[in-house]
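Here is a friendly walk through one chain, from its surface to a few of its residues. Keep the viewer open as you read.

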Amino acid sequence: MQACLYLATAPKSNAAYVAQKSAWRSARDTGSLMPPMNIVNAPTKLMKNLGYGKGYAYDHDAEDGFSGDNYWPDDMTPATFYTPVERGFEAKIAERIAYWNKLRAERA
C-alpha cells in the first residue's frame, strides 16, 4: 500500500518511456553492431591474441568508480536516449549524468 501511495503522489515523467522508444528506434535503424573490442569478453587465448578486451577500463578500479570508457559500437555515433526532467528525483539523476559527462570530457 505504501508503494502505491508513493507512486500515486510522485512527480510524473515519461522520460524513461521516451528513452526506451528512442533506443528501440536506434537499434532498429542501426541493426546489430559489434561492440568496441575493449569491452568484448576474451575467454580464450585466441580471442585475447585478436585483441578482445584489450584496454578495458574496469569502472570499479577507477578512483571515483567511473572510467569514462566508450561503450558505443565503432560504427555508431554516441547518442543520448534518456533526458531526465527537472522535477522529483530525476533532477538528481540529471546532476549525476552532468557530472559523468564532465568527467568523460576531461578524460577524452
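The chain has an accessible surface of about 8600 Å², and carbon and sulfur atoms make up 57% of that area. Such areas come from the Shrake-Rupley method with a 1.4 Å probe, and for residues only the protein chains shown count as cover. Please keep in mind that this is a predicted model, where local features need pLDDT of at least 70, side-chain atom pairs count only at pLDDT 80 or more, and totals for chains, interfaces and linings use all residues. Residues are numbered from 1 along each chain as its sequence is written, and side-chain values use heavy atoms, with hydrogens and water left out.

How much of the chain is buried? Of its 108 residues, 19% count as buried. Here buried means under 20% relative accessible area, exposed means over 50%, and partly exposed is in between (1.4 Å probe, protein chains only).

**Overall form**

Four helices and zero strands make up the secondary structure of the chain, and the order from the N terminus is α-α-α-α. Helices (H or I, at least four residues) and strands (E, at least two) are DSSP runs, numbered from the N terminus.

The radius of gyration of the chain is 18 Å, while a compact globule of 108 residues would have one near 13 Å. That radius is taken over C-alpha atoms, and the globule rule is 2.2 Å times the number of residues to the power 0.38. Along the principal axes, the C-alpha atoms fill a box of roughly 55 × 35 × 30 Å.

Among contacts with a separation of 6 or more, 51% are between residues 24 or more positions apart; a contact means heavy atoms within 4.5 Å.

**Charges**

The side chains include 13 positive and 12 negative ones, and the centres of these two sets lie 5 Å apart. Lys and Arg count as positive and Asp and Glu as negative, while His and the chain ends are not counted. Each charge is placed at NZ of Lys, CZ of Arg, CG of Asp or CD of Glu.

**Aromatic pairs**

How many aromatic pairs does a search of the whole structure find? There are three. One of them joins Tyr56 and Tyr58, whose ring centres are 6.4 Å apart with planes at 50 degrees, so this pair is tilted. Trp72 and Phe81 also form a tilted pair, because their planes stand at 50 degrees, with the ring centres 5.9 Å apart. For the pairing, rings of Phe, Tyr and Trp (its six-membered ring) must have centres within 6.5 Å; planes under 30 degrees apart count as stacked, over 60 as edge-to-face and the rest as tilted.

The residues of these two pairs are listed here with their accessibility.

| Residue | Relative accessible area | Class |
|---|---|---|
| Tyr56 | 44% | partly exposed |
| Tyr58 | 43% | partly exposed |
| Trp72 | 22% | partly exposed |
| Phe81 | 23% | partly exposed |

**Distances along and across the chain**

Glu106 is part of helix α4 (residues 90-107) and is exposed, at 53% relative accessible area.

Leu7 and Gly68 are 61 residues apart in sequence, and their C-alpha atoms are 33 Å apart.

Gly88 belongs to the loop between α3 (45-49) and α4, and its 39% relative accessibility makes it partly exposed. From Gly88 to Asp75, 13 residues apart along the chain, the C-alpha separation is 36 Å.
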